[in-house]
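Hi,

Here is the structure I promised to hand over. Please have a look at it first, and then read on for what turned up.

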Amino acid sequence: MTTAAQVLSQFQAVGVETCFHDRHITPQIYADLNGSNWSIKDYEARGGYQALRTILGKDGGEGLSQDQVVATVKESGLRGRGGAGFPTGLKWSFMPRQFPGQKYLVCNSDEGEPGTCKDRDILMYNPHIVIEGMIIAAYAMGITVGYNYIHGEIFQVYERFEAALEEARAAGYLGDNILGSSFSFQLHAHHGFGAYICGEETALLESLEGKKGQPRFKPPFPASFGLYGKPTTINNTETFAAVPWIIRNGGPAYLACGKPNNGGTKIFSVSGDVERPGNYEIPLGTPFAKLLELAGGVRKGRQLKAVIPGGSSSPVLPASIIMECTMDYDSIAKAGSMLGSGAVIVMDDSRCMVESLKRLSYFYMHESCGQCTPCREGTGWLWRLVDRIHRGEGRPADMDLLDNVASNIMGRTICALGDAAAMPVRAMLKHYRPEFAAMIGKPNPQAATSA
C-alpha cells in the first residue's frame, strides 16, 4: 500500500531554477542581477531608493504628495501580481487615510501556489526593491507599520530579507523620520510554516496575529478591518517590487511597457515539459509562443499538448488555444483561464491528463484548512473520484459526478481554495473528457506506482 510519505514525495521540487539568464525582455525587477549583488550598496548603484528620495523631496525636487503617488500608480496600470490582478492604485485608494488609529501594510510573500517560484527569487536576490516599494506604499497611504509574511519553507529567503531590513534601517530608509523627513515607517519580517491556505489574505492575517491560519468571512474587508482589526492593505511581493520603477520613470512609461489595462512587465515561472524552465520577466501582452521560445520550446522535440497558464488553480488550456494567446490578464481570461500568479506549467503530448488532475486534486485535498464543509469534504471527493478513474475502477457516471461535485464546491466556500480545486477539474473534463472516458473500466497497472 502506498504511504503518505510516498504520495507527498511526488510534490517535492527537484533542482534549482533561477532568474539568471539573458532571456528576459526589458526586465525591471530582475535587471542586472547576478546572485551576489543583493546588498544595499549594489541596489543603490542600480538606482535603488532614488524613488523614495524623490517622493520625500530629497533629490532637490519638491517631493510628491500622497495623492500624487497614488495617482501615478493608477496611471501605470499596475495590477496585483499575486493572482487576482486587481488594480493596485485603486486598492491603495481604499485605505482610509485620515483614520485616527494604527493602520497596517502587509506584503504577501507566502508563495505556495504549485508552479510558482518568482517571489522567492525577488526576495533572495533583490530584497531592497520590495522594501523600497513597501515604504513608498506606506507613504502613499499614511501607514507607519508593515509586515512581510514569508513562506515558511524558504527560511533562507526569510533570513536574507531580515539582513536587508537591517541594512535599510542602518542607512536611514526605515525607522523614525526617514531621511530627515516627517515620515516614519517600521517594517518587520514574519515567516509562516508552509500552509498553502495562508496565501489567502485573511488567513495570512489570522496567522500573522498568532492564530490558526483560516480565512475570515468577508465583508468586512481588510481595508476597513484587517490586521488586529485595523485598516490594512495587502499586496503581493512582485506588486511592491514594481513600484520603485514606476515612481522613477512615471506611470505612462510603465503602462507603455505592457498593453492597455495591463501595464508593465510580469514574471512568469515556466516549468514542466520545456528545455529551459525558470523565471522569465517579459512585458504583459507578449505572445505565449514567444515565452515558450524563451524557455527553449517543448522538451525533446515533443508536441505541446496543454498549458496551465497561471498556477495550478487556473483552468488548463489546450495547445490550440494557448498558442493564440498573449500573456496578459485580459487575453488569458478571454481564453477561459486566469493569469493568476504567473506560473506557466507546460505539458507535452506524453502527459496523461487524468494523472495530472489526480496530482492537483490531491494537493488541494491535502491543503484544505477544513473550515468549510464543501471544501473539506468536496476536495476529498474530487481526489477519490479521479483516483478511481485513474486506477481503471471508475464508472461511466463518474465523470458527470465529478463535474457535479466541482460545481457544488464553486462559490460556496469562505475563500477561493474551493474554487481553486474545482476549476482545474471542470477544465480538464471540458477539454479532455475522452481521456477520462477511455480509462473507465480499464485496469491501469501503472496507477499503483503513481498513486
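**S331 and its surroundings**

S331 touches C325 and T326, leaving aside residues up to four places away in sequence; contact here means heavy atoms within 4.5 Å. The place of S331 is in helix α14 (residues 329–335). Helices (H or I, at least four residues) and strands (E, at least two) are DSSP runs, numbered from the N terminus. With a relative accessible area of 16%, S331 is buried. For that term, buried means under 20% relative accessible area, exposed over 50% and partly exposed in between, with a 1.4 Å probe and protein chains only.

A word on the basis of all this: the model is predicted, so local features need pLDDT of at least 70 and side-chain atom pairs count only at pLDDT 80 or more, while totals for chains, interfaces and linings use all residues. Residues are numbered from 1 along each chain as its sequence is written, and side-chain values use heavy atoms, with hydrogens and water left out.

Strand β2 (residues 145–150) pairs with β3 in the parallel sense over six bridges, and G146 stands opposite L187 in β3.

**The five-stranded sheet**

There is also an open sheet of five strands, ordered β6-β5-β11-β8-β9, and its pairing is mixed. Its edge strands are β6 (278–283) and β9 (317–318), each of which pairs on one side only. β6 and strand β5 (residues 265–272) pair in the antiparallel sense over six bridges, with P283 in β6 as the bridge partner of T265.

**Y49**

This residue deserves a look of its own. Y49 sits in the loop between α2 (40–45) and α3 (50–55), and at 0% relative accessibility it counts as buried. Not counting residues up to four places away in sequence, Y49 touches I40, Y43, E44, H128, I131, E132, I135, A168 and Y173. The C-alpha atoms of Y49 and G133 are separated by 9.1 Å, and the two residues are 84 residues apart along the chain.

The backbone of Y49 has a phi near 70°, a positive value in a residue other than glycine. T26, in the loop between α1 (4–9) and α2, also has a positive phi, near 45°.

**Two cis peptide bonds**

The peptide bond from K218 to P219 is cis, with omega near 0°, and the bond from P219 to P220 is cis too, with omega near 5°. P219 is found in the loop between α9 (201–208) and β4.

**Pocket and cavities**

On a 1 Å grid over the protein atoms alone, a cavity is a set of points where a 1.4 Å probe fits but cannot get out, and a pocket is an open set with protein on both sides within 12 Å along at least five of seven lines; lining residues have an atom within 4 Å of a point.

The second largest pocket holds about 1,400 Å³ of space. Its lining has 47 residues, of which G82, G83, A84, G199 and E200 lie nearest its centre. β4 gives the most to this lining, with five residues.

The structure holds two cavities of 30 Å³ or more. The largest cavity has a volume of about 60 Å³, where a volume is the space filled by probe spheres set on the points, and grid points are joined across faces, edges and corners. Among the residues that line the largest cavity are C369, C372, C375 and C415.

Happy to go through any of this with you.

Best wishes

Note on methods: Two strands pair if DSSP finds at least two bridges between them.
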